[in-house]
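Student: I have a model open and would like to go through it with you. Can we start with the strands and then turn to the chain contact?

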Amino acid sequence: MASFLNLVGRRATELIVYPVELATLFSSSFRAAAAESSLGQIDVLGLIEKQVFFTAIQAIPLIFITSISIGTLIFIASISLLPGFGVAHLAGVAAMFLLIRELGPIFIALIVIARSGTAIATELGNMKVNGEIALLESHGIDIRYFLLFPRIVGMLVSMLVLDVLFGFFAVMGGYTFSRTAENAAEFQLYKFLDELQVSHISVSLLKVLAFGIIISTICCYHGLEPQMSSTEVPQCATKAVMYSLAFCVLANSFLSIYL
Amino acid sequence: MAAPPVISAEDLTYAIGNRNIVSGVSFSLSKGDVFTILSSSGGGKTTLMRLCAGLLEPVSGRILIEGRDVREFRSTHRFRTSVRYLFEQGVLLSNATIYENVALPLTYHTRMDEEEMRRRVMTELAKMQIDRYKDDRPSSINRSVKKRAHFAMTLVMEPEILIIDNPLEDFDPEGAQIVLKRLKEMNEEKQVTMLIASHTLDLLASITNRIGIMEGGRMVQSGALEKIVSMLRSVDDQKLGFIENSNVI
């Protein structure tokens, strides 16, 4: 019984400490950037650029295919199903709400976790185990500024870019492909676009920003965890993926309810 | 008034659990001193080096660099640009070329123009005789070249204090001579203070002016090179057998 209570107590403490440590890591990387901003600007800007290239630019083909598939699915569902319930006029509202506000951000989060989240955690983990992080520190280089800040900023910029692209491809591509559906002729693109509200876009951008903070911080945190052995690296990367997924799903529910 | 020592350790102790790795070590170095600490494996010398570089926190005692506690001094620009720790393994950033590795301290800490930076980096690479490897990645070069690049990355900033862990490990005889020559040059021309840890005195005798001998985490002997060497000659010291094969004795 005592050991069970001990375990529960330890887990409860971890649940409180973990988000606090994440918040500390995130804020300390920005504080370090403010303090070190006169140093290594070229290196840090180059690293941000690389992160954006890897997270956003290289992910475009995948985003293109995913967004068109989901867009088509949502458009066809709206066009085919809603008239049957006598609410054909809600097709545009439903499609825009689902695509822009709800599905876009969470699909982007899933893709970014799978591609860049694992890459960040593995790269940092290998650097730690190989002594490269200690090397940087021994050269007076603040790793929060040099390694974490570019990854976090690069991921935030990438998430915004991917969100805009996802929305565009999903609406334009999805609409185009859904033209084959029954009743499609009744639904013109402008009718859908009329239902697109500023709030949908702002909530969507807010969500991807939140997911970007969550994914980049969690992956940096677990990337820096390995101590001695290279076998710790995949374990930490797995943890980074699992926690990123869990926190993004929780944040998505929270933001969907309250925004 | 005499200038404060460049580096001094005061009753330094470091422990993991109940086991003392470094126990009550004290020493003091003036500008230009080259102090080589000798011990067999597990003697505590690497830990002592890491304590001096501020990479580990002592359990008790303190390290003063230029009269300031290393724990506070470590975050200052002065420390970050003038004190350097060299690892036993020639660690380099694996995703950068040799040139980019060596240039990194300059691009980070200075606003040197590209031409001047290129000149400094290429000069350092040439002194280490590895300029032909400048575009290679660390994974494609041998350990001796990698470690010379590690030295070049450190020396390109022209530090005033060098803390070096096993400098001659991984080197072929030629590589060792190149590095020793460069260290000697730094010491003679710029009065660079060096704290070195090694298993053997061997080739290091050519640049060392003071020796400390550690055993079980304690500094059992320390003093001028000639004094310690003559003392070791006069005693039958099997415990310090590791030094008997060195060139000095």
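Student: In which sense do strand 7 and strand 8 of chain B pair, and over how many bridges?
Tutor: This is a predicted model. In it, strand 7 (residues 161-165) and strand 8 (residues 193-198) of chain B pair in the parallel sense, over five bridges.

Student: Which residue is the bridge partner of B:I164?
Tutor: B:I196, in strand 8 of chain B.

Student: What sheet do six strands of chain B form, and in what order?
Tutor: They form an open sheet with the order 6-7-8-3-9-10, and the pairing is mixed. At the edges are strand 6 (83-86) and strand 10 (218-224) of chain B, each pairing on one side only. Ignoring direction, neighbouring strands of this sheet are turned by 15 degrees against each other on average.

Student: Which helix packs on the sheet?
Tutor: Helix 1 (residues 45-52) of chain B does. Helix 1 of chain B touches strand 3 (34-38), strand 6, strand 7, strand 8 and strand 9 (210-215) of chain B. The direction of helix 1 makes about 155 degrees with that of strand 8 of chain B.

Student: New topic. How many residues does the contact take from chain A and from chain B?
Tutor: Twelve residues from chain A and 14 residues from chain B.

Student: Which helices of chain A each supply at least two residues of the side that touches chain B?
Tutor: Helix 2 (41-57) and helix 5 (132-138) of chain A. Helix 5 of chain A gives the largest share of that side, three residues.

Student: And what is that side of chain A by class?
Tutor: The side of chain A that touches chain B has six polar, four nonpolar and two charged residues.

Methods
Residues are numbered from 1 along each chain as its sequence is written. Chains are lettered from A and ligands numbered from 1 in the order in which they are written. This is a predicted model: local features need pLDDT of at least 70, side-chain atom pairs count only at pLDDT 80 or more; totals for chains, interfaces and linings use all residues. Two strands pair if DSSP finds at least two bridges between them. Helices (H or I, at least four residues) and strands (E, at least two) are DSSP runs, numbered from the N terminus. Axes are lines fitted to C-alpha atoms, for helices over the stretch in contact, and angles run from 0 to 180 degrees between N-to-C directions. Two residues are in contact if their C-beta atoms, placed from the backbone, lie within 7 Å. Ala, Val, Leu, Ile, Met, Phe, Trp, Tyr, Cys and Pro count as nonpolar, Asp, Glu, Lys and Arg as charged, and the others, Gly among them, as polar.
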